[in-house]
Amino acid sequence: MRRTRILTAVLALAAGLLTGAPPALATGAARTTLAADTYTWKNARIDGGGFVPGIVFNRTEKNLAYARTDIGGAYRWQQSTKTWTPLLDSVGWNEWGHTGVVSLASDSVNPDKVYAAVGTYTNSWDPTNGAVLRSADRGASWQKSDLPFKLGGNMPGRGMGERLAIDPNKDSVLYLGAPSGKGLWRSTDSGVTWAQVANFPNVGSYQQDPSDTTGYASDNQGIVWVTFDESTGTSGSATKSIYVGVADKDNAVYRSTDAGATWTRLAGQPTGYLAHKGVLDAKNGYLYLAYSDKGGPYDGGKGQLWRYATASGTWTNISPVAEADTYYGFSGLTVDRQHPGTVMATAYSSWWPDTQIFRSTDSGGTWTKAWDYTSYPNRADRYTIDVSSSPWLTFGANPSPPEQSPKLGWMTESLEIDPFDSNRMMYGTGATLYGTENLTQWDSGGRFTVKPMVQGLEETAVNDLASPPSGAPLLSALGDIGGFRHTDLTKVPSMMFTSPTFTTTTSLDFAETNPNTVVRVGDLDSGPHIAFSTDDGANWFAGTDPSGVSGGGTVAAAADGSRFVWSPAGTGVQYTTGFGSSWQASSGIPSGAVVESDRVDPKTFYGFKSGKFYVSSDGGATFTASSASGLPSGDSVRFKALPGTKGDVWLAGGASDGVYGLWHSTDAGASFTKLPNVEQADTIGFGKAATGAPYQTLYTSAEIGGVRGIFRSTDKGATWTRINDDAHQWGWTGAAITGDPRVYGRVYVSTNGRGVVYGDTSDTGGGDGGGGTDPTPTPTGACTVTYKITNQWSDGFQADVQLANTGTTGWTGWSLGWSFANGQKIGQLWNADHTQSGAAVTAKNVSWNGNVAAGSSVSFGFTGTWSGSNAKPTSFTLGDQSCTVA
């Protein structure tokens with residue numbers, strides 16, 4: 001996981017989206033139904049996608065293991081399915097920071113008990129203090145004890161630990177190492193109350209970058225691990241010897257020999273390094289320490305491994321390589337509890353050519369490596385790696401030796417040998433959680449097999465979502481691993497978006513009436529920041545950046561895919577015809593504006609910046625500021641135009657210290673009406689209409705009726721139903737939401753660290769409307785049809801049809817008929833329902849695009865097959881009357 005991850009949600013949060021007290025309820029009672037529909041929630045499978053800084057095995061119960069993530073919550077291992085179960089989906093919007101887990105502890109006295117120290121940032125980005133969560137049912141439910149300071153699950157140093165530890169002899173006693181100079185804390189009542197250990201002598205001093213004014217890299221990393229020597233206590237009595245690691249290069253390790261009454265610095269300890277891990281082998285009386293010159297998890301240029309004999313006080317340097325030959329720090333420290341002389345550690349900060357894993361079977365006397373050079377740059381590996389279950393882990397790379405694809409890992413701060421099974425090891429990387437079940441092959445000259453052990457652990461941060469009317473049901477824009485095209489939500493896609501591969505995709509869009517045309521923009525250290533696809537996101541080609549582009553920004557595709565408008569980071573809004581071979585600056589719209597397209601008129605685009613809505617009717621060349629007032633003054637705003645209806649725009653956003661809510665425009669943004677029954681809204685999306693409903697279903701992440709949640713409306717926002725529940729909240733869900741245009745009730749929700757969540761309704765009747773579809777009225781008045789073949793290949797083609805009402809009376813439904821002359825057959829058709837009998841085709845309106853005002857038009861598209869020739873239809877009928885063919 002790359003550095004961009006740390007700021008995934010910061011821009012929205014820093015803008016004030018989640019700060020301050022909740023606003024008073026809007027005037028007029030919200031007509032809201034809570035939990036009126038039963039939804040089933042799942043993840044669109046990606047498997048992993050983020051940094052796993054901690055893995056914890058219970059020491060007394062076999063197969064009980066937990067994993068912690070930096071922004072995506074905690075998980076429990078399910079041995080029967082070899083999957084992970086999420087444990088913190090109940091974290092709500094106002095405490096979104098509690099999805100960052102800085103430490104976990106599993107009780108070896110009572111394995112039903114588990115504790116999590118939570119909080120994402122120690123600086124102002126996180127509006128709440130940290131907390132210790134405690135569970136008596138293995139994380140199925142939690143109780144919370146708030147702390148008087150913040151915790152940093154996504155801060156520098158988050159791979160060190162564990163900072164939270166349970167006394168193995170008296171499990172009512174817990175210790176917690178705090179950051180930010182807050183010291184060492186202790187609970188004597190099983191985590192209910194906490195008090196600072198007043199006589200602990202060192203609160204830490206190490207800062208990654210003292211000059212960082214944001215408080216992120218300049219935070220004191222504090223107390224970083226606690227470990228007990230269980231041999232110095234008896235059941236029911238507090239353990240006497242406790243070791244504590246401190247982020248202080250000269251004073252890294254302290255010990256108490258009287259159950260925490262007094263503390264002393266361990267004499268003779270190494271200096272000049274931070275102790276990332278301290279793991280105690282009570283059987284042999286050794287404390288092992290993994291040192292690095294930096295706090296990690298990205299940085300670290302030098303390191304050492306040491307062994308401390310607890311009885312004699314003797315220190316031994318057991319580093320597997322000379323310090324001069326390291327370009328990394330050490331972490332990932334573990335002891336085989338079945339064979340305590342077996343020790344392993346990682347070169348966590350070795351990014352190139354790969355991470356390294358070290359193994360000793362004689363308490364650090366000698367070591368072997370997971371891979372060695374034969375003759376540079378060639379390698380000999382002690383392992384094989386099989387990523388067939390998560391094939392995207394190759395990142396589509398084909399590197400030159402000594403790099404390999406897939407890599408063994410990077411950011412490998414967590415590595416644990418199963419205390420009950422010497423053959424099973426798990427370790428976390430920046431992108432997944434790997435494991436092996438034949439580890440001891442290492443020692444016998446064979447090769448152990450590494451595979452992802454990550455199913456169920458979904459840890460991507462989602463920036464944008466799209467569900468086109470045809471093709472793949474879901475396209476996603478993700479932090480750090482770019483994004484995916486899901487053709488099956490239950491299966492891991494074979495590869496993320498490539499050619500180019502963005503580190504983070506910030507925005508994507510498809511052409512509404514030509515959905516095979518897709519565009520995405522994103523961040524990349526060097527290379528283009530925009531890419532296009534003409535086959536529904538299956539394959540991509542890079543566009544050309546205009547001068548000054550430094551990041552993705554937002555992008556919009558014209559309704560027919562003929563042009564694009566791009567608002568990148570680093571320069572102003574740009575527009576292009578075709579696929580971005582050249583760009584021109586848009587006028588009348590400020591830099592940094594969010595841009596979207598009208599879903600019917602290919603020449604109409606919209607923008608928003610700092611309280612102003614902007615409209616272009618010439619394909620993005622010029623924008624004009626709307627006179628609409630009362631919109632949010634900040635930039636925490638997302639808006640979308642409704643498919644099938646020109647000028648129908650919904651806008652969500654604001655801040656709790658100002659204007660906040662949901663607005664609707666039916667005149668292309670010339671004016672907006674604020675919905676009185678929505679107090680706060682942060683996203684808006686559309687999905688298939690309920691049976692009999694005249695308008696598409698609305699979805700939003702919002703506060704309605706004083707309740708935060710995911711809401712659905714089948715009646716144009718007049719009433720709302722909360723479709724999630726308190727057990728399914730996923731922290732912050734403010735980046736994107738979309739319904740599925742093909743499946744009523746299905747909604748895709750963005751999270752900041754729990755991946756793409758999608759929900760399906762139990763309402764098999766298709767919504768509150770009930771009943772069947774009303775007969776289509778026969779429209780009257782003149783009509784004009786434009787039939788355009790937009791793409792053609794050896795045995796197939798794609799066409800767009802535009803039906804214009806050129807009469808003087810509006811239509812409340814329509815049915816368009818034509819005949820093919822050459823045996824063409826329609827495969828998929830979107831934005832209309834259709835039937836075909838031989839050559840004759842009838843296309844009828846769907847529930848949300850039947851109303852066509854005089855002077856307006858409606859469009860639909862389809863793909864089909866042809867053979868021999870592919871002549872266009874020459875006549876069209878609307879009901880009983882003929883239309884002019886343009």
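Trainee: Is the link of Cys-783 and Cys-883 left-handed or right-handed, and what is the angle about the S-S bond?

Mentor: The link of Cys-783 and Cys-883 is left-handed, with -95 degrees about the S-S bond. This is a predicted model, in which local features need pLDDT of at least 70 and side-chain atom pairs pLDDT 80 or more, while totals for chains, interfaces and linings use all residues. Residues are numbered from 1 along each chain as its sequence is written, and side-chain values use heavy atoms, without hydrogens or water.

The structure holds one disulfide (a pair of cysteine sulfur atoms within 2.5 Å). In the disulfide of Cys-783 and Cys-883, the sulfur atoms lie 2.0 Å apart. Strands here are DSSP runs of E with at least two residues, and helices are runs of H or I with at least four, both numbered from the N terminus. Cys-783 and Cys-883 are both buried (under 20% relative accessible area with a 1.4 Å probe on protein chains only; exposed is over 50%, and partly exposed lies in between).

Buried residues account for 60% of the 886 residues in the protein chain. Along the principal axes, the C-alpha atoms of the protein chain fill a box of roughly 100 × 65 × 50 Å.

One example of strand pairing is the open sheet of four strands in the order β15-β16-β17-β18, with antiparallel pairing (two strands pair if DSSP finds at least two bridges between them). The edge strands of that sheet, each pairing on one side only, are β15 (223–228) and β18 (264–265). β15 is joined by five bridges to strand β16 (residues 242–246), and the two run antiparallel. Across this pair, Thr-227 stands opposite Tyr-243 in β16. The loop between β17 (253–256) and β18 contains Ala-259. Ala-259 is not a glycine, yet has a positive phi of about 60 degrees. With a relative accessible area of 27%, Ala-259 is partly exposed.

Thr-227 is among the residues that lie nearest the centre of the second largest pocket, along with Val-56, Phe-57, Arg-59 and Arg-337, and the whole lining has 38 residues. The second largest pocket contains about 830 Å³ of space. Strands that each supply at least two residues of its lining include β15, β3 (54–57), β7 (101–106) and β23 (331–335). On a 1 Å grid over the protein atoms alone, a pocket is an open set of points with protein on both sides within 12 Å along at least five of seven lines, a cavity is a set where a 1.4 Å probe fits but cannot get out, and lining residues have an atom within 4 Å of a point. Points are joined across faces, edges and corners, and a volume is the space filled by probe spheres set on them.

By this rule there are three cavities of 30 Å³ or more. The second largest cavity holds about 80 Å³ of space, and its lining includes Val-102, Thr-122, Met-155, Arg-158, Tyr-216 and Asp-219.

Another antiparallel pair is that of β41 and strand β42 (residues 563–569), over five bridges. Strand β41 (residues 551–557) has six of its seven residues buried, so it is largely enclosed by the rest of the structure. In this pair Gly-551 stands opposite Ala-569 in β42. The hairpin of β41 and β42 has five residues between the strands, and Gly-561 in it takes a positive phi near 80 degrees.

Some backbone details in other loops remain. Lys-82 lies in the loop between β5 (74–78) and β6 (83–86). Its phi is positive, about 55 degrees, although Lys-82 is not a glycine. Lys-82 is partly exposed, at 39% relative accessible area. The peptide bond from Gly-296 to Pro-297 is cis, with omega near 5 degrees, and Pro-297 sits in the loop between β20 (286–292) and β21 (303–309). Pro-401 and Pro-402 are also joined by a cis peptide bond, with omega about 10 degrees. Pro-402 is in the loop between β29 (383–385) and β30.
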